[in-house]
Amino acid sequence: AHGVMHRAIHQGFYCGSCGWVAGTQTLEARIAIVSENYIPYSIQNFMNCAGRPCVGAQPFSTTNQGQKEGFIVPENEIRYTQRACVKAGPGKTECYKKCGKNHPYNYANALHEQFVV
């Protein structure tokens, strides 16, 4: 059994993502307890969809985004890459391409597996 805690994340020194990390870990644990099905969520997806990769945010931003959009991508589909997508293209375009709510046919919705909609 894995429990309901995300594995430790190394944020690096150049990616202001502590709010995203804390918010994602809190949200996935809350839903895992209710659904009895733990799925690690994509921290990178939350940052990318908010248009704020490696830019600080309050932890509740992930909960607000999850409730509003009803779409949460599992971590195994969009891995946490810190600033890699920011450096990959002009104007964070590569980050925005990896956003589940904007490209729902490219990614699974973890909420469907957890029977939460």
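1. Start with helices α2 (residues 43–50) and α3 (residues 60–69). Their axes come within 11 Å and cross at roughly 75 degrees, so the two helices are roughly perpendicular to each other, a label that covers 65 to 115 degrees. For the terms: helices are DSSP runs of H or I with at least four residues, numbered from the N terminus. Axes are lines fitted to C-alpha atoms, for helices over the stretch in contact, with angles from 0 to 180 degrees between N-to-C directions.

2. Who touches whom here? From α2 it's Asn45, Phe46, Cys49 and Ala50, and from α3 it's Thr62, Gln65 and Gly66, where contact means heavy atoms within 4.5 Å. These residues divide into three nonpolar, four polar and no charged. In this scheme Ala, Val, Leu, Ile, Met, Phe, Trp, Tyr, Cys and Pro are nonpolar, Asp, Glu, Lys and Arg are charged, and the others, Gly among them, are polar.

3. A word on what you're looking at: this is a predicted model, with local features needing pLDDT of at least 70 and side-chain atom pairs counting only at pLDDT 80 or more, while totals for chains, interfaces and linings use all residues. Residues are numbered from 1 along each chain as its sequence is written, and side-chain values use heavy atoms, leaving out hydrogens and water.

4. The link is right-handed, with 120 degrees about the S-S bond. Cys49 has a relative accessible area of 11%, so it counts as buried; Cys99 is buried too, at 1%. Buried means under 20%, exposed over 50%, and partly exposed in between (1.4 Å probe, protein chains only).

5. The other disulfide joins Cys85 and Cys95, sulfurs 2.0 Å apart. Cys85 belongs to helix α4 (residues 84–88) and Cys95 to helix α5, ten residues apart. The torsion about their S-S bond is about 95 degrees, so this disulfide is right-handed. Both Cys85 and Cys95 are buried. Cys18, by contrast, is exposed at 54%.

6. Two loop residues deserve a look. Glu36, in the loop between α1 (18–35) and α2, has a positive phi near 60 degrees without being glycine, and it is exposed at 73%. Gln82, in the loop between α3 and α4, also isn't a glycine but has a positive phi of about 55 degrees; it counts as partly exposed, at 23%.

Notes: A disulfide is a pair of cysteine sulfur atoms within 2.5 Å. Angles under 35 degrees count as roughly parallel, over 145 as roughly antiparallel, 65 to 115 as roughly perpendicular and the rest as oblique.
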